[in-house]
Amino acid sequence: MSFQNLIRPEIREMAAYQADVVPVKVKLDANENPYHFSDALLKELFAELAAVPLNRYPDSETVELRDIIARKLQLSRDQILLGNGSDEILQALMMTFWSEGAKMMMPVPTFSMYGILGKLVGYELLEVSLDDNFDLCTDEMISLARREAVQLIFLASPNNPTGNCFSEERIVELIEQTDAVVVVDEAYAAFSNQDFLPKLEKYDNLVVLRTLSKIGLAGLRVGMMFAGRDLVYEVNKARLPYNLNSLSQKGAAFILTHDEELLAQIEKIKVGREWLLKKMNGIKGLHVYPSEANIILFRVPCSGDKLFRQLIEDDVLIRNLSRPGRLYNCLRVCVGTDDENSFFIDALERRLNG
Ligand code: PMP
């Protein structure tokens with residue numbers, strides 16, 4: 001008998017998550033911070049890392065790092081859970097709230113991992129289209145959540161790939177008018193003005209997620225979950241022991257306590273975003289969506305697939321989201337350094353006008 005028959009049907013039908021590995025000069029596909037830290041800061045960081053005892057397990061409770069984050073955000077340590085990227089936290093959350101027949105809901109288009117992990121964990125997925133402004137259709141979501149007794153609702157705000165924040169009132173409506181746990185994923189919070197952390201005190205069905213990936217530490221894989229103590233206590237049971245390795249804990253702790261460069265980089269990225277938006281809005285035929293993140297979604301007046309490939313020939317990698325429906329001929333670019341942004345704009349103009 002072949003092992004194939006033993007594989008869960010959901011897994012057999014899935015494709016593995018694939019991050020494009022295309023060697024290009026200008027890589028603007030993965031929503032990363034394009035800047036490096038100064039040599040002086042890196043030297044100090046590596047001196048800290050050199051002292052980490054690699055023969056020992058990491059601190060499974062991540063006490064030092066949670067305390068640093070708690071102080072910065074004026075929360076208490078037991079309101080924080082850390083993961084190997086927020087992807088891992090999403091999975092732990094889903095496992096915590098799963099039971100036979102469990103359902104989760106999300107607007108579409110949104111971050112693909114919600115659906116991938118949801119299926120893996122065994123949820124029935126309920127998807128509700130965003131409105132014309134890529135905002136939430138709350139009436140539809142609320143009635144569906146009630147009718148289907150949805151366990152979890154995932155809202156990325158700012159949303160990936162659309163770049164906009166959902167309106168605060170609509171998110172609050174979902175928190176207040178459903179019995180679901182509402183996960184507000186603020187992966188791109190550093191680039192926006194929205195902040196749901198202050199609302200944790202009021203709502204015990206609210207979870208806020210953040211990550212260090214978009215602000216300069218994608219390689220360390222540090223995701224953060226914030227919620228009421230009781231909810232964190234439960235999700236912590238679904239977290240693997242030692243899930244955050246010692247180097248990531250130490251590195252993140254160091255950078256968060258020496259964050260002047262990081263904060264300056266975030267400001268530069270925001271300036272770069274405005275520059276890109278202005279340039280892109282000046283290109284005839286391009287439909288550019290507003291952004292409060294470090295990513296910009298745009299629709300091209302030609303084949304998105306073809307333009308995506310042409311840009312790779314020009315040494316620029318962005319993200320191709322084109323598929324029939326709302327994202328037809330849509331591409332997503334993330335903000336790079338000034339040079340990378342100019343390189344991208346030049347290539348885009350050449351291809352569109354050429
Ligand atoms: N949430 C959203 C909305 C994202 O776009 C991403 C990364 N693309 C993540 C979570 C995952 O972040 P991490 O690197 O912390 O796993």
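**Entry 1**

I use the classes as follows: buried is under 20% relative accessible area, exposed is over 50%, and partly exposed lies in between (1.4 Å probe, protein chains only). The model is a predicted one, in which local features need pLDDT of at least 70 and side-chain atom pairs count only at pLDDT 80 or more, whereas totals for chains, interfaces and linings use all residues. Residues are numbered from 1 along each chain as its sequence is written, and side-chain values use heavy atoms, with hydrogens and water left out.

I then noted the partner: Asp195 and Arg210 meet through their side chains in a salt bridge, 3.0 Å from N to O. The term requires a side-chain nitrogen of Lys or Arg within 4 Å of a carboxyl oxygen of Asp or Glu. Because Arg210 lies in strand 7 (residues 206–211) and Asp195 in the loop between strand 6 (181–185) and strand 7, the pair ties together parts that are 15 residues apart in sequence. Helices (H or I, at least four residues) and strands (E, at least two) are DSSP runs, numbered from the N terminus. Arg210 has 15% relative accessibility and counts as buried.

**Entry 2: Other salt bridges**

I recorded 20 salt bridges in the structure. One of them joins Glu148 to Lys103, with the closest N and O atoms 2.8 Å apart. This pair links distant parts of the chain, 45 residues apart: Glu148 is in the loop between helix 6 (138–147) and strand 5, and Lys103 is in strand 3 (residues 103–108). Glu148 is partly exposed at 23% relative accessibility, while Lys103 is buried at 16%.

I next examined Arg351 and Glu313, whose side chains meet in a salt bridge of 3.3 Å, N to O. Arg351 belongs to helix 13 (residues 338–353) and Glu313 to helix 12 (residues 304–313), so the pair ties together parts that are 38 residues apart in sequence. Arg351 is partly exposed, at 28%, and Glu313 is exposed, at 61%. Salt bridges with shared partners join Glu313, Asp314, Arg350 and Arg351 into one network.

**Entry 3: Aromatic rings**

I applied this rule: rings of Phe, Tyr and Trp (its six-membered ring) pair if their centres lie within 6.5 Å, with planes under 30 degrees apart counted as stacked, over 60 as edge-to-face and the rest as tilted. The count by this rule is five aromatic pairs. In one of them, the ring centres of Phe111 and Tyr114 are 5.4 Å apart and the planes stand at 90 degrees, so the pair is edge-to-face. Tyr114 is buried, at 0% relative accessibility. The rings of Tyr114 and Phe154 have centres 5.2 Å apart and planes at 25 degrees, so this pair is stacked. Tyr114 in helix 5 (residues 112–121) and Phe154 in strand 5 (residues 152–156) are 40 residues apart, and the pair links distant parts of the chain. Phe154 is buried, as is Tyr114. I noted that Phe111, Tyr114 and Phe154 form one aromatic cluster.

**Entry 4: His36**

I located His36 in the loop between strand 1 (26–27) and helix 2 (39–50). His36 is exposed, with a relative accessible area of 71%. From His36 to Asp87 I noted 51 residues in sequence and 24 Å in space, C-alpha to C-alpha.
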